[in-house]
Amino acid sequence: MNYPAYVGEDCPDDSYAAFHPGLGYKYSSDQVFKSLPEPAPMNYTKLLRRYDHLESANMKMKAAMTDLAFTITRRVWKDLPVNGRGNCYFCVGGINSINPFSATAVKNEIAVYSEKLTDEDLSILTNLSTISGKTYDMNSKECSVNLMDYAEIYLDFNGSMAFLNQSWIERLGMAAAAKRVKGVFVMGGVRSDSAPMTMPSIPN
């Protein structure tokens, strides 16, 4: 689970995009919360009440995103056939460095996905840690995953790389050196001999 840059932004700057064209926007979770029109969805309100004790909007947003993402992941995993399902682990990742969408264009993901929660989901929701690197099994128990226990490892890098800290680099490096990594997949448009081309930030 990686997080949008606004979750880690402590110094919003409305003029940043004008003076740094194409490099994104600087706003915090507070602006994302305030952009949601009233009345807020019922499940959204129920979910956010769980985080009233947290000090800042950024902390509330990160905690809600973590628990919501874990709940959706667990539901998808449980919907799979038991035979051959395998294990699923949820890892708390990192925070992206750029907000590619402006505060007026970005969607409040908590509002969007909380509508998918059932009463049962809300009743068993677990408040997980938001510390990067923490890993949980599908019973919400903290655990560790030793990559050397696996003979074949396939890496999907089609999303954010914000999770890739020094610890992951070392773990993946050991697995690669032992020839356990069998495939690495990156979204189209990336070449090994040139810098990646990404889309510009979007104002609206």
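Guide: Setting aside residues up to four places away in sequence, Glu9 touches Lys26, Tyr27, Ser28 and Asn58; contact here means heavy atoms within 4.5 Å. The model is a predicted one: local features need pLDDT of at least 70, side-chain atom pairs count only at pLDDT 80 or more, and totals for chains, interfaces and linings use all residues. Residues are numbered from 1 along each chain as its sequence is written, and side-chain values use heavy atoms, with hydrogens and water left out.

Glu9 is located in the segment that precedes helix H1 (16-19). Helices (H or I, at least four residues) and strands (E, at least two) are DSSP runs, numbered from the N terminus. With a relative accessibility of 14%, Glu9 counts as buried, a term that means under 20% relative accessible area, whereas exposed means over 50% and partly exposed lies in between (1.4 Å probe, protein chains only). A polar atom of the Glu9 side chain lies 2.9 Å from the backbone nitrogen of Cys11. A polar contact is a pair of N or O atoms within 3.5 Å; within protein, one must be able to donate a hydrogen and the other to accept it, and residues adjacent in sequence count only if both atoms are side-chain atoms.

Tyr6 has Tyr27, Ser28 and Asn58 among its contacts beyond four places in sequence, together with Ser29, Val32, Met61, Met65, Asn99, Val106 and Lys107. The largest nonpolar core has 33 residues, and Tyr6, Tyr51, Met61 and Ile110 are those that touch the most other members. Such a core is a set of buried Ala, Val, Leu, Ile, Met, Phe, Trp, Tyr and Cys residues joined through side-chain atoms within 4.5 Å. At least two residues of this core come from each of helix H2 (29-34), helix H3 (42-49), helix H4 (57-79) and helix H5 (109-114). H4 supplies the largest share, 9 residues. A second, separate core has 10 residues, including Ile153, Phe157, Phe163 and Leu172.

Arg74 belongs to helix H4 and, at 8% relative accessibility, counts as buried. Leaving out residues up to four places away in sequence, Arg74 touches Ile124, Met138 and Ser140. Between Arg74 and Lys26, which are 48 residues apart along the chain, the C-alpha separation is 32 Å. Met42, in helix H3, counts as exposed, with 61% relative accessibility.

S1 and strand S2 (residues 135-136) run antiparallel and are joined by 2 bridges, and Thr135 in S2 is the bridge partner of Cys91.

S1 also takes part in covering helix H7: what covers the buried residues of H7 includes S1, strand S4 (153-156) and strand S5 (181-185). Those buried residues are Trp168, Leu172 and Ala175. They lie on the same side of H7, because the arc they cover around the axis is only 55 degrees, the arc being that of the directions from the helix axis to the C-beta atoms. Met174 and Ala177 are exposed residues on the face of H7 turned away from its buried side. The 12 residues of H7 (residues 166-177) should span 16 Å at 1.5 Å a residue, which agrees with the 16 Å between its end C-alpha atoms; the expected span is 1.5 Å times one less than the number of residues. At the N-terminal end, Asn165 caps H7 through a side-chain oxygen 3.2 Å from the backbone nitrogen of Ser167. Lys179, which follows H7, has a positive phi, near 60 degrees.

Overall, the protein has 7 helices and 5 strands, which run α-α-α-α-β-α-α-β-β-β-α-β from the N terminus on. Of its 204 residues, 33% count as buried. Among contacts between residues at least 6 apart in sequence, 78% join residues at least 24 apart.

Terms used:
Two strands pair if DSSP finds at least two bridges between them.
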